[in-house]
Amino acid sequence: VQLQASGGGSVQPGGSMRLSCSASGNIFSINNMGWYRQAPGNQRELVAAITRGGTANYSDSVKGRFTISRDNAKNTVWLQMNSLKAEDTAVYYCNAAVKENGTYRYLGVWGQGTQVTVSS
């Protein structure tokens with residue numbers, strides 16, 4: 001199973017950006033999906049997560065500015081980021097709890113990181 005993230009880049013403060021992450025491979029089911037970020041010198045932190053049923057939760061630092069959504073049929077999760085700030089600059093990683101065909105457990109899978117830079 002692989003997660004492919006896309007959509008990073010550079011944007012000015014106050015701007016918007018949308019990240020996308022699609023899962024592919026021998027997938028039976030995906031439970032929670034989420035986005036994490038890691039800035040230089042910092043630990044990786046949870047930004048937003050969403051259950052299979054669509055319940056979302058956010059870190060306090062992005063609440064009201066970021067929106068996470070998903071399409072279960074497409075095994076895809078998005079992160080819409082608005083009102084971006086310099087402190088949002090980081091490498092963003094998607095994560096999903098995936099159950100492969102023929103298995104009994106959900107395992108965490110990470111996508112490759114995508115750089116988001118907010119700078120004037």
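**Strand S11 and its neighbours**

Mentor: Strand S2 (residues 9-11) and S11 run parallel and are joined by three bridges. Strands here are DSSP runs of E with at least two residues, and helices are runs of H or I with at least four, both numbered from the N terminus. Two strands count as paired if DSSP finds at least two bridges between them. The model is predicted: local features need pLDDT of at least 70, side-chain atom pairs count only at pLDDT 80 or more, and totals for chains, interfaces and linings use all residues. Residues are numbered from 1 along each chain as its sequence is written, and side-chain values use heavy atoms, with hydrogens and water left out.

The side chains of S11 (residues 114-118) alternate along the strand. Buried means under 20% relative accessible area, exposed means over 50%, and partly exposed lies in between, with a 1.4 Å probe and protein chains only.

As for the whole, the protein chain has 11 strands and zero helices. Its radius of gyration is 14 Å, close to the 14 Å of the globule rule for 120 residues, so the chain is as compact as a globular protein of that length. That radius is taken over C-alpha atoms, and the rule is 2.2 Å times the number of residues to the power 0.38. The C-alpha trace spans about 50 × 25 × 25 Å along its principal axes. Of the 120 residues, 39% are buried. Among contacts (heavy atoms within 4.5 Å) between residues at least 6 apart in sequence, 54% join residues at least 24 apart.

Most residues other than glycine have a negative phi. Asn-75, in the loop between strand S7 (66-71) and strand S8 (76-81), has a positive phi of about 50°. Ser-83 has a positive phi as well, near 50°, and is found in the loop between S8 and S9. Ser-83 is partly exposed, with a relative accessible area of 40%.
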